[in-house]
Amino acid sequence: MSVFSRLRSCDGLQASAAARTILIMGSTAAAVSVASALPSHANWSPKPEPKFWSQVRRQMLDQDTAKQAEWTFMEAMQSPKIDAAEYLREPRRRDQTVTFQALLLMRKGESNPWAMRQLSMRAQCLDGVLERQDQEGRWSPYPGRQGTASKVNWICAQAPNP
């Protein structure tokens with residue numbers, strides 16, 4: 001039985017209540033559809049590299065001249081237990097995947113030395129996830145955090161379709 005035929009079979013009060021319910025449900029569904037179509041944090045982009053991290057990065061890269069290149073600062077965290085910053089370079093698109101080099105600068109506590117790691121990574125543009133490549137060339141999930149999908153969107157925008 002259609003919605004309209006149900007409304008016709010109801011008396012005035014029931015029809016009015018049924019119409020309100022349909023209107024509310026329809027409006028809610030439309031709002032949910034529109035909200036789900038909007039990308040979360042669509043305008044995310046990295047903040048400028050803080051001076052502290054610029055100095056650490058230069059110092060670490062000066063120690064290893066083979067790894068010097070233009071790196072884009074993504075984000076950093078600092079706490080009493082760990083200091084870490086993430087960078088990327090050379091994003092390259094293939095279909096809906098963008099591969100790139102990642103740089104991680106990290107130290108565990110202020111009294112420990114800085115460590116630097118380079119990773120081959122990729123952003124799965126349609127899925128909003130990051131993956132890293134191991135030494136055998138296999139891809140595995142990179143731990144996601146809040147906002148990962150937004151960062152993946154930004155990374156994918158750095159390597160537009162050819």
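## Terms and model

Helices (H or I, at least four residues) and strands (E, at least two) are DSSP runs, counted from the N terminus. The model described here is predicted.

## Second largest pocket

Strand S1 and helix H4 (148–158) each give at least two residues to the lining of the second largest pocket. S1 contributes the most, with 3 residues. The space in this pocket is about 200 Å³.

In total, 12 residues line the second largest pocket. Closest to its centre are Trp 44, Ser 45, Lys 47, Glu 75 and Lys 151. By class, the lining holds 4 nonpolar, 5 polar and 3 charged residues.

## Largest pocket

The largest pocket has a volume of about 250 Å³. Its lining includes Glu 75, Ala 76, Met 77, Ile 82, Leu 104, Tyr 142 and Arg 145. The lining of the largest pocket has 8 nonpolar and 3 charged residues, and no polar ones.

Glu 75 lines the largest pocket. Glu 75 is also among the residues closest to the centre of the second largest pocket.

## Strand pairing

S1 and S2 run antiparallel, joined by 6 bridges. A hairpin through 4 residues links the two strands.

S2 also pairs with S3, again antiparallel, over 10 bridges. Here Arg 89 stands opposite Gln 101 in S3. The hairpin of S2 and S3 has 2 residues between the strands, and in it Asp 95 takes a positive phi near 60°.

Key:
Residues are numbered from 1 along each chain as its sequence is written. This is a predicted model: local features need pLDDT of at least 70, side-chain atom pairs count only at pLDDT 80 or more; totals for chains, interfaces and linings use all residues. Side-chain values use heavy atoms; hydrogens and water are left out. On a 1 Å grid over the protein atoms alone, a cavity is a set of points where a 1.4 Å probe fits but cannot get out, and a pocket is an open set with protein on both sides within 12 Å along at least five of seven lines; lining residues have an atom within 4 Å of a point. Grid points are joined across faces, edges and corners, and a volume is the space filled by probe spheres set on the points. Ala, Val, Leu, Ile, Met, Phe, Trp, Tyr, Cys and Pro count as nonpolar, Asp, Glu, Lys and Arg as charged, and the others, Gly among them, as polar. Two strands pair if DSSP finds at least two bridges between them.
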